[in-house]
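The model is a predicted one.

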Amino acid sequence: MRLPTFPRQTTVDDANTERTPVVPRRDEPTTASLTPVRPDTSVTPPPARPQTFQPAPLSETQRAKAVSEPVAVPVNAPAPRARASLVATLGLVLSVAGALLVLSGPLLGYGVGVSAVALVLSLAGVFATRKRHVAGKTGALIGVVLSLAAVVIGVLALAGQLWWLGTDTQTVSEFRTWLDTQFETRI
């Protein structure tokens, strides 16, 4: 069905404004040939409405009492609260632990294993948060990214591609020594 469009009027309607007469549409020949519908007079009228019960009018004291009394309102049960996914939370915690183990140096191999388990748990957490009323999608996604980064860095360090990280390095003690030398002259 096409909707009619009208041009914008830029002038104010007054007696001097020309008006174009409305012309019937000619694009639908099927509606022009229809006969008009006339009401059928042989149909019986619908039955009268049945009498309804009209309560007796209340006095002012009865009305005041009805207004002042508390009305019992049905209480709907609240919607269930969103709960955090245990799998997503475990994936996030293990990914942080795995990243710290990877960056420690001597515990590099254990860190790769913990990060791999964290990656699996975080992915399961992402899928678990698809259900309604299950929260924790952001934590699960952070766990996926962090554990994936820890696995990649750990594998590169085990392969000897990262000179600053390996199983024979003591990164924590070297970092502490570096900090001591930096602040030794300033404090």
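**Helix packing and selected residues**

The axes of α3 and α5 approach within 8 Å, and the angle between them is roughly 25 degrees. An angle under 35 degrees counts as roughly parallel, so α3 runs roughly parallel to α5. The crossing of these helices, α3 past α5, is left-handed.

**Overall make-up**

- The protein contains 6 helices and 2 strands.
- In sequence order the elements follow the pattern α-α-β-α-α-β-α-α.
- The protein has 187 residues, and 18% of them count as buried.

- Helix α3 covers residues 86–104 and helix α4 covers residues 108–128; their axes come within 7 Å and cross at roughly 160 degrees.
- An angle over 145 degrees counts as roughly antiparallel, and α3 and α4 are therefore roughly antiparallel to each other.
- The crossing of α3 and α4 is left-handed.
- For α4 and α5, the axes come within 8 Å and the crossing angle is roughly 150 degrees.
- This angle is also over the 145 degrees cut-off, so α4 and α5 are roughly antiparallel to each other.
- The crossing of α4 and α5 is left-handed.

- Ser85 sits in the loop between β1 (83–84) and α3.
- With a relative accessible area of 5%, Ser85 counts as buried, because buried means under 20%.
- Val126 belongs to helix α4.
- Val126 is buried as well, at 14% relative accessible area.
- Along the chain Val126 and Ser85 are 41 residues apart, and their C-alpha atoms are separated by 9.1 Å.
- Gly139 and Ser85 are 54 residues apart in sequence, with a C-alpha to C-alpha distance of 9.5 Å.

**Backbone at His133**

- His133 is not a glycine, yet its phi is positive, at about 60 degrees.
- The position of His133 is in the loop between α4 and β2 (134–135).
- His133 is partly exposed, with a relative accessible area of 31%.

**Nonpolar surface patch**

- Which residues form a nonpolar patch on the surface? They are Leu103, Ile153, Trp163 and Trp164, and their accessible area together is about 480 Å².
- Trp163, one of the patch residues, lies in the loop between α5 (137–158) and α6 (171–184).
- The relative accessible area of Trp163 is 77%, and Trp163 is exposed because the cut-off for exposed is over 50%.

Terms used
Residues are numbered from 1 along each chain as its sequence is written. This is a predicted model: local features need pLDDT of at least 70, side-chain atom pairs count only at pLDDT 80 or more; totals for chains, interfaces and linings use all residues. Side-chain values use heavy atoms; hydrogens and water are left out. Patches are made of residues with over 30% relative accessible area and no salt bridge: like charges are joined within 9 Å, nonpolar side chains (Val, Leu, Ile, Met, Phe, Trp, Tyr) within 5 Å. Accessible areas come from the Shrake-Rupley method with a 1.4 Å probe; for residues, only the protein chains shown count as cover. A salt bridge is a side-chain nitrogen of Lys or Arg within 4 Å of a carboxyl oxygen of Asp or Glu. Helices (H or I, at least four residues) and strands (E, at least two) are DSSP runs, numbered from the N terminus. Buried means under 20% relative accessible area, exposed over 50%, partly exposed in between (1.4 Å probe, protein chains only). Axes are lines fitted to C-alpha atoms, for helices over the stretch in contact, and angles run from 0 to 180 degrees between N-to-C directions. Angles under 35 degrees count as roughly parallel, over 145 as roughly antiparallel, 65 to 115 as roughly perpendicular and the rest as oblique. A crossing is left-handed if the near helix is turned anticlockwise from the far one by less than a right angle, and right-handed if clockwise.
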